[in-house]
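Thanks for coming, everyone. I'd like to walk you through one structure today. Please look at it with me.

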Amino acid sequence: MHTIREKQKLLNRVRRIRGQMEAVERALEDEKECADVMQRIAGVRGALNGLMAEVLEDHIHEHVAAEALAAEQRSEGAAELIDIVRAYLK
């Protein structure tokens, strides 16, 4: 799996996102102002979008655009990508 090459980098991003989610939880528990909670939620969403963008880019390079791929492999990679993007955008 190609994400193994970037495994530590991706895991670090996930851990930062987890920390951001914990900050949202603390803000709710501490009854912080709505604007503060929404800012934290927006930060989490941005971080998740960044993570998804990085993994999507890797997928495109490895499973759709790689010159060594056969046409059938490219089609499979593209179909997977379409399904994932549709699910993500719902």
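**A loop, a helix and a patch**

Start with Glu-31: Glu-31 sits in the loop between helix H1 (7-29) and helix H2 (34-63). Helices here are DSSP runs of H or I with at least four residues, numbered from the N terminus. A word on the source: this is a predicted model, where local features need pLDDT of at least 70, side-chain atom pairs count only at pLDDT 80 or more, and totals for chains, interfaces and linings use all residues. Residues are numbered from 1 along each chain as its sequence is written, and side-chain values use heavy atoms, leaving out hydrogens and water.

Glu-31 has a positive phi of about 55°, although it is not a glycine. Most residues other than glycine have a negative phi. Glu-31 is also exposed, at 70% relative accessible area. Exposed means over 50%, buried under 20%, partly exposed in between, with a 1.4 Å probe and protein chains only.

Now H1. H1 has 23 residues and spans 33 Å from first C-alpha to last, close to the expected 33 Å. That expectation is 1.5 Å times one less than the number of residues. Its buried residues are Leu-10, Ile-17, Ala-23, Val-24 and Ala-27. What covers the buried residues of H1? The cover includes H2.

Last, the surface. Leu-48, Val-85, Tyr-88 and Leu-89 make a nonpolar patch of about 360 Å². Helix H3 (residues 71-89) gives the largest share, three residues. Leu-89 belongs to H3, and Leu-89 is exposed, at 64%.

Notes: Patches are made of residues with over 30% relative accessible area and no salt bridge: like charges are joined within 9 Å, nonpolar side chains (Val, Leu, Ile, Met, Phe, Trp, Tyr) within 5 Å. Accessible areas come from the Shrake-Rupley method with a 1.4 Å probe; for residues, only the protein chains shown count as cover. A salt bridge is a side-chain nitrogen of Lys or Arg within 4 Å of a carboxyl oxygen of Asp or Glu. Helices (H or I, at least four residues) and strands (E, at least two) are DSSP runs, numbered from the N terminus. Contact means heavy atoms within 4.5 Å.
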